[in-house]
Amino acid sequence: MTFSSSSNDLFSPVTMGALTLANRVVMAPLTRSRMGPDGIPNEMHARYYAQRASAGLIISEATNISAQGRGYALTPGIWTEEQVAGWKKVTDAVHATGGLIVCQLWHVGRFSHVDLQPDGAAPVAPSEIRAKGQTYTEKGMLDVSMPRALETREIPGIIQQYRHAAECAQRAGFDGVEVHSANSYLLDQFLRDSTNQRDDEYGGSVENRSRLTLEVVEAVVGVWGHDRVGIRLSPVTPDAGNTPLDSQVMETYGHLIEQLNRFELAYLHFVEGATATSRSVPDGVDLDALRAVFKGPYIGNNNYDFQLAVNRRAERKVDAVAFGRPFIANPDLVRRLKEGVELAVAPRDTYYGNGAEGYTDWPALAD
């Protein structure tokens with residue numbers, strides 16, 4: 001069965017917690033590597049986000065919650081007052097055009113390099129297991145460093161980093177926050193038994209491995225209230241770091257999602273497959289079954305085109321759909337999807353760096 005843009009509700013409003021979205025097209029978080037070393041947004045970033053504010057909801061690019069949380073150069077932060085002031089320019093610009101924007105709170109954990117860490121320290125992780133691959137530093141691409149395992153007594157400090165960042169995001173004028181517990185970064189590293197070999201209350205059983213994510217969510221909800229907090233999960237993506245999946249994907253993420261229900265979050269943002277590459281999943285994994293465990297609004301993400309979005313929405317498999325790369329070259333993506341206009345395609349070399357070029361110079365459709 002096929003659907004035209006007039007026979008679906010992708011462009012109708014939807015409520016997610018305290019957020020009322022004008023449509024069900026969400027702008028996914030997109031790292032663009034266009035910040036300065038201080039991670040402070042400026043007028044250029046405000047222009048970029050404002051251009052895309054017709055999305056029902058913008059999820060900001062992944063934003064470091066602390067200096068320790070950094071894993072890539074030229075990414076934004078949300079832990080200093082200067083960063084708060086910079087993000088306020090962004091949120092004001094988005095709100096001036098009638099948009100909504102939440103801040104994605106990010107700690108990379110082991111996927112970092114000593115050059116990116118305060119005082120050249122080792123990155124932190126649940127266990128001393130090195131990730132594969134390279135990360136972007138101010139010296140270029142370098143192999144990620146060997147992490148050190150967090151001491152149990154350090155965990156409250158990690159939770160405090162999330163709490164502080166959530167408070168900063170509130171002062172910066174965001175409409176809410178999204179806890180980044182996906183893509184093999186810190187919280188996902190604690191979840192997976194492939195990266196978590198601890199023997200304290202944060203390791204071993206699925207209950208223990210879920211503990212940090214749940215404690216972080218509790219802390220962030222304490223700042224924002226439950227109805228302005230979302231969470232992102234990606235049960236089967238290997239990146240960053242070519243990270244092995246958990247040995248019991250359904251059990252581990254099913255338990256986590258069941259426990260998340262008690263917070264009555266604004267939404268669950270789910271990567272359906274391997275981030276930015278494939279929607280295929282391993283045998284024995286049913287992502288729709290995991291999604292069904294969640295009792296709140298659901299945002300589907302990963303390689304969606306218009307037809308897939310319409311079909312999944314018609315089947316009531318999603319409440320909204322997050323589009324990523326299409327928003328790079330199509331700032332007015334919602335209008336283009338609605339009118340059936342062919343989408344512009346951004347060359348990969350415009351994704352990262354380059355300043356305003358390939359960032360704020362993509363034109364909207366003429367009226």
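Biologist: Which strands and which helix each supply at least two residues of the lining of the largest pocket?

Modeller: Rolling a probe the size of a water molecule over the atoms shows where empty space is left. A pocket here is an open set of points on a 1 Å grid over the protein atoms alone, where a 1.4 Å probe fits and protein lies on both sides within 12 Å along at least five of seven lines; lining residues have an atom within 4 Å of a point. Strands E6 (101-106), E8 (134-137) and E15 (320-323) each give at least two lining residues, as does helix H9 (326-329). E8 has the largest share, 3 residues. Helices (H or I, at least four residues) and strands (E, at least two) are DSSP runs, numbered from the N terminus. This is a predicted model, in which local features need pLDDT of at least 70 and side-chain atom pairs count only at pLDDT 80 or more, while totals for chains, interfaces and linings use all residues. Residues are numbered from 1 along each chain as its sequence is written, and side-chain values use heavy atoms, with hydrogens and water left out.

Biologist: How many residues line the largest pocket, and which lie nearest its centre?

Modeller: The lining has 44 residues, with Asn183, Thr275, Ala276, Arg348 and Tyr352 nearest the centre. By class, 22 are nonpolar, 15 polar and 7 charged. Ala, Val, Leu, Ile, Met, Phe, Trp, Tyr, Cys and Pro count as nonpolar, Asp, Glu, Lys and Arg as charged, and the others, Gly among them, as polar.

Biologist: Now a helix. Which residues of H8 are buried?

Modeller: An α-helix has 3.6 residues a turn, so residues three or four places apart point the same way. In H8 (residues 306-314), the buried ones are Phe306, Ala309, Val310, Arg312 and Arg313. Buried means under 20% relative accessible area, exposed over 50%, and partly exposed in between, using a 1.4 Å probe on protein chains only. They pack against helix H7 (287-293), strand E14 (298-301), E15 and helix H10 (333-339). After H8 comes Arg316, with a positive phi near 60°.

Biologist: What happens at the start of H8?

Modeller: Look for a polar contact, a pair of N or O atoms within 3.5 Å; within protein, one must be able to donate a hydrogen and the other to accept it, and residues adjacent in sequence count only if both atoms are side-chain atoms. A side-chain oxygen of Asp305 comes within 3.3 Å of the backbone nitrogen of Gln307. The Asp305 side chain also reaches the backbone nitrogen of Leu308, at 2.8 Å. Asp305 sits in the loop between E14 and H8 and is partly exposed, at 44% relative accessible area.

Biologist: And H1, what caps its N-terminal end?

Modeller: Asn42 does, with a side-chain oxygen 2.9 Å from the backbone nitrogen of Met44. The buried residues of H1 (residues 43-51) are Met44, His45, Ala46, Tyr48, Tyr49 and Ala50. Their cover includes strands E3 (25-27) and E4 (57-59), helix H2 (81-96) and E6.

Biologist: Is Thr75 buried or exposed?

Modeller: Thr75 is buried, at 3% relative accessible area, in the loop between strand E5 (63-64) and H2. Its side chain makes a polar contact of 3.0 Å with that of Asn64, and a polar atom of the Thr75 side chain lies 2.8 Å from the backbone oxygen of Tyr72.

Note on methods. Contact = heavy atoms within 4.5 Å.
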